[in-house]
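Good morning, and thank you for making the time.

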2 protein chains.
Amino acid sequence: METKLNEYIQKNQTYLNQALEDAIEDKDIPEPLKSSMLYSIKAGGKRIRPILMIATIEAFGGDKNVILPAALALEFVHTYSLIHDDLPAMDDDDLRRGMPTNHIEYDEATAILAGDGLLTQSFELITNAEHLTTDQKLFAVKRLSEAAGSRGMVAGQILDMQAENTQVELDELKQIHHLKTGQLLIYAMEIAAYVAGATEEQLDKITACAEELGLLFQIQDDILDIYGDEDKIGKAVGSDEENDKSTYPKLLGIDGAIKEKEEKKARANKLLNEASIDQTMLAELIQYLSNRDQ
Amino acid sequence: METKLNEYIQKNQTYLNQALEDAIEDKDIPEPLKSSMLYSIKAGGKRIRPILMIATIEAFGGDKNVILPAALALEFVHTYSLIHDDLPAMDDDDLRRGMPTNHIEYDEATAILAGDGLLTQSFELITNAEHLTTDQKLFAVKRLSEAAGSRGMVAGQILDMQAENTQVELDELKQIHHLKTGQLLIYAMEIAAYVAGATEEQLDKITACAEELGLLFQIQDDILDIYGDEDKIGKAVGSDEENDKSTYPKLLGIDGAIKEKEEKKARANKLLNEASIDQTMLAELIQYLSNRDQ
């Protein structure tokens, strides 16, 4: 079972990596902007978000090629957010996944523009999607702009910055992660379900499942920051503790955090079950995200 | 004639300013992100780009309310580009139009996120346009993402930065301005013509006219940096000379630059004439942009 999932992930990573690079390589973008955009796109990690999108459309019996441009757009937006988050004025990180961050490898101005370029191109990618209808493209643009914007991911980022060095309640912490991490995961699963022709009820179940998954993802992130292997996660552990950051283990204790994570996983699986789809690979992905060590 | 144009500009500025503010005020955006986005939107200048869009749809006998969301999106993108351009890592400007730039009034992190938020919301604005068809919305999203992205405005910005402290040829200078300034002006006029139902030939004439207008706009910018009134333009004159920047007056001499500008104006007017529309207000706007003192 584990092997089947690993194969699925690897096969889709190869599929996605090629398409992601092509989406920049093929374009007439001036240097060093092009290299800088490619650098961060190539440095991308596990492609969890687009793989979740692919697994969702396949759970509805759909074809991943149909959804590919919306999946690339999602990874472009995720990558832009990392580039801007790493900037000196933001988290000031020199390393990401063991490699120099964009503004260290290039410079700050180029990194800002690379982020701007990726964000802008994400919408272009959707409008050029060959196998989506006009309505589907427009829905994808609308949902991506909402999920990534100032009431979505960007809102999460500003709230996260404000929460540094202050104690926040559990509800506030959930809201930050719902915006910063959850919104793009919801976009991933919602678009795939919509394009595959999900009913209203199925859409509700899928978005609710994605919401649980976003929080589960973040709880595991917090746990890894304490117990993770630095080589595997590609950054130093203990940074949350050092920055006096509010985390699930801090607010709930480590046992409480693990319990919370298991509850989210159970709820995500229940919702998936209620969506009446072929949930095999999605359920395995949920299990994988819950136990991931990187 | 002059008074009629002034009235037209003022009337539309009032119309646009209210709609621009509403587009942020009405939204549930966390502070200080919301204030920061509003600050730069309110500090906006003459609203030339959206007014050009309105004048174009009206030249085709269309209704400005139809195009309003696409006009707001354009001003959002223009405003985001100014916020990011002013950042310390980019042009490092403390003042814009006589007021502290966004990162001075707030801080760098907030300014980066305010820019990201405005850019992202611009696409959302288009998808929510009440009076546009699905096809028109999608065309607007596609053209805006192309015009603003890494083969459009963002490309112009990186080329402009590279051109600092080096001597560039006239052709390269034109290419930089075509990307950095021209693309958004082309978007303004093209979308309006498209939505108004322009023929292929009219679209070609209108985009060619906008292209001339973009260069004319930039030549006048360069001239103002030498002969402008600091109080009116809201920034110090002579900065191009100080930064050893390649400009039209530097490459062509002041007389040559003025001659080039007049040629662009003549060509823009000729193209407008060939588009067979009611060109009165557009021709006056071209005249205004050519002679503007701020």
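Tyr39(B) is buried, because its relative accessible area of 14% falls under the 20% cut-off. Please bear in mind throughout that this is a predicted model.

What is the partner of this side chain? The ring of Tyr39(B) pairs with that of Tyr106(B): the centres lie 5.7 Å apart and the planes stand at 75°, so the arrangement is edge-to-face. The two residues come from distant parts of the chain, being 67 residues apart. Tyr39(B) sits in helix H2 (residues 33-42) of chain B, while Tyr106(B) belongs to the loop between helix H5 (102-105) and helix H6 (108-127) of that chain.

Across all chains, a search of the whole structure finds five aromatic pairs. Among them is the pair in chain A, where Tyr39(A) and Tyr106(A) have ring centres 5.7 Å apart and planes at 75°, and which is therefore edge-to-face. Here Tyr39(A) is buried, with a relative accessible area of 14%, and Tyr106(A) is partly exposed, at 26%.

How are chain A and chain B related? A rotation of 180°, with 0.0 Å of shift along its axis, superposes chain A on chain B with an RMSD of 0.0 Å. The copies are thus related as by a two-fold rotation axis. The same surface serves both of them, since 100% of the contact residues of chain A recur in chain B.

I turn now to helix H9 of chain B. This helix covers residues 170-195, 26 residues in total, and reaches 35 Å from its first C-alpha to its last, close to the 38 Å expected at 1.5 Å a residue. H9(B) bends by about 50° at Gly182(B). Just after the helix, Gly197(B) takes a positive phi of about 90°.

Is H9(B) largely enclosed or largely open? Of its 26 residues, 19 are buried, so the helix is largely enclosed by the rest of the structure.

Leaving aside residues up to four places away in sequence, Ile191(B) touches Met53(B), Ile67(B), Ala70(B), Phe139(B), Ala140(B) and Arg143(B).

Thank you; I welcome your questions.

Key. Residues are numbered from 1 along each chain as its sequence is written. Chains are lettered from A and ligands numbered from 1 in the order in which they are written. This is a predicted model: local features need pLDDT of at least 70, side-chain atom pairs count only at pLDDT 80 or more; totals for chains, interfaces and linings use all residues. Side-chain values use heavy atoms; hydrogens and water are left out. Copies are superposed by least squares on the C-alpha atoms of residues with pLDDT of at least 70 in both. Contact means heavy atoms within 4.5 Å. Helices (H or I, at least four residues) and strands (E, at least two) are DSSP runs, numbered from the N terminus. The expected span of a helix is 1.5 Å times one less than its number of residues. The bend at a residue is the angle between axes fitted to the seven residues ending there and the seven starting there. Buried means under 20% relative accessible area, exposed over 50%, partly exposed in between (1.4 Å probe, protein chains only). Rings of Phe, Tyr and Trp (its six-membered ring) pair if their centres lie within 6.5 Å; planes under 30 degrees apart count as stacked, over 60 as edge-to-face and the rest as tilted.
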